[in-house]
Amino acid sequence: MRGCLVVRLGLLMAGAFGAVAHPGSSIVVDRTGQVFFIDTGQGVWKIDPEGRLTLVHKLAYHWMALDERGRFARSQSLGEFDRGSFERITPAGAVPALILSSDYPVAVGADGGLYYVPYNRQGDRELVRRMPDGERSVFARLPAYNGGKPMLWVNGIAAAPDGSLYTTDNDAIRRIDRNGAVAAVRDAIDLADCADPLPDVPKLPYLRGLALAPDGTIYAAASGCRSVILIPARGPIRTILKAERPWSPTAVALDGKDVYALEYLHTPGDDRTQWVPRVRKLGADGSITTVATVARRKN
């Protein structure tokens, strides 16, 4: 895939960290309770409300956005741009729409725009908004450094109903309001219970995918610490789900008070078929269940 190769080469040139391979980082739940998640080695899977697992598309990118209102359901503005590939995988006119991204985390905002932060080797990172009619604009500029180290993109992005957006860096979460003003929600996050950390990450806790609750609570995949964390509007950060080696979460999604975590086998190297995903659910009652695990076919 051309887009993914660009990012890997960029990482090597920038010397960002040793392990350039990274499994996909997107899981979403639609209004009917269907769960969709990225499998970087095989495509996009769906878990229906009865728990059946189905491969719905074979495009194996890294990121995905749920377009709940179908703003891009008939749009012709997706494709190759900003050194990335963006594609709607649902049929024209189907609502909600699913949009895949090869290189950058993506989210569809309350205004119907597709938001992402392209790779940038130097200078502030641009938060780009692309509308269904193809109009492109720079919505905000994020700082180029986090904790004294360069950040070349964001690790995750999520849209809130009030028009704001949230992004993750390695150990920070930022909020971009509807006017494009950027502020740190939490900075220099340090998890005291980060036991058995994932090796070769740029900086712990290595935050990736995130999800937003209506009350302002933020849920994030602390991939480097094999954890899902809860960040309240006020108060201390809590770890609510831990994965055992070699699993680690890369993304989270909410369905009411249930929390879904996309977890991957983190194997060394860049053989994507070895990055096997599973989905676990933390129920509102505190129960933890494995909802689905992908089985690879042996050649």
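A strand, as the word is used here, is a DSSP run of E of at least two residues, and strands are numbered from the N terminus. With that in hand, let's explore this predicted model.

Start with Glu263, which lies in strand 24, residues 258-265. Is Glu263 buried or exposed? Its relative accessible area is 1%, and buried means under 20%, so Glu263 is buried. Its side chain has polar partners: a contact of 2.6 Å joins Glu263 to the side chain of Arg278, and another of 2.9 Å reaches the side chain of Arg280. Beyond its neighbours within four places in sequence, Glu263 also touches other residues, including Leu241, Trp247 and Val276.

The structure holds 16 salt bridges, and here are some of them.

| Salt bridge | N to O distance |
|---|---|
| Glu50 and Arg52 | 3.3 Å |
| Arg175 and Asp162 | 3.2 Å |
| Glu244 and Arg278 | 3.3 Å |

Why does the pair of Glu244 and Arg278 tie together parts that are 34 residues apart in sequence? Because Glu244 sits in the loop between strand 22 and strand 23, while Arg278 belongs to strand 25. Glu244 is partly exposed at 41% relative accessibility, whereas Arg278 is buried at 8%.

Elsewhere, strand 11 (residues 125-130) and strand 12 (residues 136-142) pair in the antiparallel sense over six bridges. Arg129 stands opposite Ser137 in strand 12. Their hairpin has five residues between the strands, and Gly134 takes a positive phi near 95° there.

Terms used: Residues are numbered from 1 along each chain as its sequence is written. This is a predicted model: local features need pLDDT of at least 70, side-chain atom pairs count only at pLDDT 80 or more; totals for chains, interfaces and linings use all residues. Side-chain values use heavy atoms; hydrogens and water are left out. Helices (H or I, at least four residues) and strands (E, at least two) are DSSP runs, numbered from the N terminus. Buried means under 20% relative accessible area, exposed over 50%, partly exposed in between (1.4 Å probe, protein chains only). A polar contact is a pair of N or O atoms within 3.5 Å; within protein, one must be able to donate a hydrogen and the other to accept it, and residues adjacent in sequence count only if both atoms are side-chain atoms. Contact means heavy atoms within 4.5 Å. Two strands pair if DSSP finds at least two bridges between them. A salt bridge is a side-chain nitrogen of Lys or Arg within 4 Å of a carboxyl oxygen of Asp or Glu.
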